[in-house]
Amino acid sequence: MSSDNFVDIRDLRRVFDVSKPWLERTLAREGRQLLKAVDGVTVSIRRGETFALVGESGSGKSTVARMVVGLLPPTAGEVVIDGVSMTAARDSGARKRLRRRIQMIFQDPYASLDPRWRVGRIIAEPIRAFGLAREQGVEERVGELLRLVGLDPADAAKFPHEFSGGQRQRIAIARALASEAEFIVCDEPTSALDVSVQAQILNLMRDLQDRLGLTYLFISHNLAVVRHMAATIGVMYLGRVVEVAPAKQLFAAPRHPYTRMLLDAVPDLAMSGRPRTPVQGEIPNPISPPSGCTFNPRCALANERCRREVPPLRDGVACHAVHEGRADPQDMPEVAAV
Amino acid sequence: MTEPVLSVRDLCVEFVTRRGVLRALDRVSFDIGKGEVLGVVGESGAGKSVTGSAVIGLIEPPGRIASGEIRLKGERIDNLSPTAMRQVRGRRIGMVFQDPLTSLNPLYRVGDQLVETIRTHLPLSAAKARTRAIELLAEVGIPAPERRIDGYPHEFSGGMRQRVVLALALCAEPELVIADEPTTALDVSVQAQIITLLKRLCRERGTAVMLITHDMGVIAETADRVAVMYAGRVAEIGPVRDVVSRPFHPYAAGLMGSIPTLETATDRLVQIPGSMPRLTAIPAGCAFNPRCPHAYARCVAERPELLSRGAHAVACHLYDEPGVDAEALVQRDKVAAAVGRSRA
């Protein structure tokens, strides 16, 4: 592993037990049902970079985010941040010191701020918890943070309900920055916002990255937003990363058949009238995913091997057809109409 | 020109609250022709959904249509009695809402819901209605419809449910379909399927569609004309190509610029300063004036009317100000935005 990788996620897995209760299960003579939400994800993020995970619902992107910040213990695998393992068995002192440097921004700013706390107290909490300033200095620091995210220091005396969705997301960002975090995991930070407000928040996040050298793990289902924000993008499908590539390359020459399908499905504003391949089928049930490559039932290039063997992630893409040279990146074979 | 399917004139909708009368729609006017898809866009609170609800007569008290006219094929429908309106709703105007799970009754089989709707509106026997329901399900792309017709809504995936809702909306061959955020709850790959389907079905039948959404991409791909709404008013309306690629109204231009796209990589998105006004405090004159980079005295004093040039209409004083070269202004803005982008 090279030393400029700030975050290393190695073969991360998470299984959820979604079985019915014991009695019901026994009466119906059913076995346990396990859902592999994340099934062997390995990615690394460089310092100061924005790495994005995209995927549709159920692809496991939010589960990865929650494991990276430590909100959810992984079933297997390891998350190493700045050389310290977040998932080692013992809670070492190094890990406690690391916690301060990692923060998260959630999707819904209406749910992530305590409605009974004043904004000043919300932002001051991490400062006090980590003992980052003396009591007299806290207020000053809160004002500084509010100004940093484009709000007024006087807003500290208000309650969250007095703010609009976009302003609340600014407060959430200020809280994340309060602990002098270096690595911020953003789980769909603008999905609940209107487009013009989204633009304000995305611009703010980029400005802050430039000024403070932040590293972002950006989770989103919106490919256009991801293209705007990220340097490197990982595409997830049913718990696995199917393609990792620099943003420019991913959009110019997508390689995995799923990535191509996803890019084709996005309605575009330019109305270029480009021909598109109709989308085939839907995401299968993650409790009983298809064998081999989970995308095989929807893939025009699938063959016997794809149905049998899970393709490994090699050269940034997990697809037998690409590895075998059966998929020409230039022209995708026509898929029969729906 | 032939008579439009739907014609809305100077529609005002008000909500009476303790804090006074809120005007959710303020003199909204538009037409939708046969087989035409009109996209209605705007941000939360712009009045898009209220417009849809007003057309189908589902404004709940304390809301009320304060003034204006809604005509369906020339007949007024805004002043019909609730019973008469029920004949129109479903029969002549079909509806598709955002969440397919709440549009379907979870306790009834999909087929029973379709048959009930068909028989309410069309004089068909139960057996004939069932055959018709199977045909409809096949048409909306549900595999094995003879078998799936006896399934319950929870046995269908989100995309399949929205297909069923589409079949329900179209089962009485309505003249107009109102689709309120039909794909917002769906994933992109499923969204593409539903949008293509909606467009194809309505084109085949000549059904007029009012497509309400906040997703400009969906509009650009689907609609023939677009209305951009702001604070309960129509800011700009015109052919989709003109409005999306050459918006004139400063709000519409800002909105288009703020959307990240797959085609153009920019470092900075266009930002509209400030935020949407609350309905309790809509600015005097043009509702957009406090946020507008071009606002001048007239914008505060006087509300701009929707002024049309050809098919394109804009509610902005600059559009008809003598001595102001509007095109040049828009161009200057574009250049400024481009410079801002390359600098960032």
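This is a predicted model: local features need pLDDT of at least 70, side-chain atom pairs count only at pLDDT 80 or more; totals for chains, interfaces and linings use all residues.
Chain B contains 13 helices and 12 strands. Its radius of gyration is 21 Å, close to the 20 Å that the globule rule gives for 344 residues, and chain B is therefore as compact as a globular protein of that length. Along the principal axes, the C-alpha atoms of chain B occupy a box of roughly 70 × 45 × 45 Å. Of the 344 residues of this chain, 45% count as buried, and among its contacts with a separation of 6 or more, 63% are made by residues 24 or more positions apart.

The largest nonpolar core comprises 197 residues, of which Phe218(A), Ala167(B), Leu176(B), Met210(B), Leu211(B), Val226(B) and Val228(B) touch the most other members. Helix 7 of chain B (residues 158-170) provides the largest share of this core, with 8 residues. Because domain 1 (34-57 + 81-228) and domain 2 (245-343) of chain B both give residues to the core, it lies between them. When residues up to four places away in sequence are not counted, Met210(B) touches Ile32(B), Leu38(B), Val40(B), Gly52(B), Val55(B), Leu176(B) and Ile178(B).

Between the two chains, 30 residues of chain A are in contact with 35 residues of chain B. On the side of chain A that touches chain B, at least two residues each are supplied by helix 7 (195-212), helix 8 (223-229) and helix 10 (257-265) of chain A, and the largest share, 6 residues, comes from helix 7 of chain A. By class, this side of chain A consists of 18 nonpolar, 7 polar and 5 charged residues.

Note on methods:
Residues are numbered from 1 along each chain as its sequence is written. Chains are lettered from A and ligands numbered from 1 in the order in which they are written. A nonpolar core is a set of buried Ala, Val, Leu, Ile, Met, Phe, Trp, Tyr and Cys residues joined through C-beta atoms within 7 Å. A residue is buried if 20 or more other C-beta atoms lie within 10 Å of its own, exposed if 12 or fewer, and partly exposed in between; C-beta atoms are placed from the backbone. Helices (H or I, at least four residues) and strands (E, at least two) are DSSP runs, numbered from the N terminus. Domain bounds come from an automatic or database domain assignment. Two residues are in contact if their C-beta atoms, placed from the backbone, lie within 7 Å. The radius of gyration is taken over C-alpha atoms; the globule rule is 2.2 Å times the number of residues to the power 0.38. Ala, Val, Leu, Ile, Met, Phe, Trp, Tyr, Cys and Pro count as nonpolar, Asp, Glu, Lys and Arg as charged, and the others, Gly among them, as polar.
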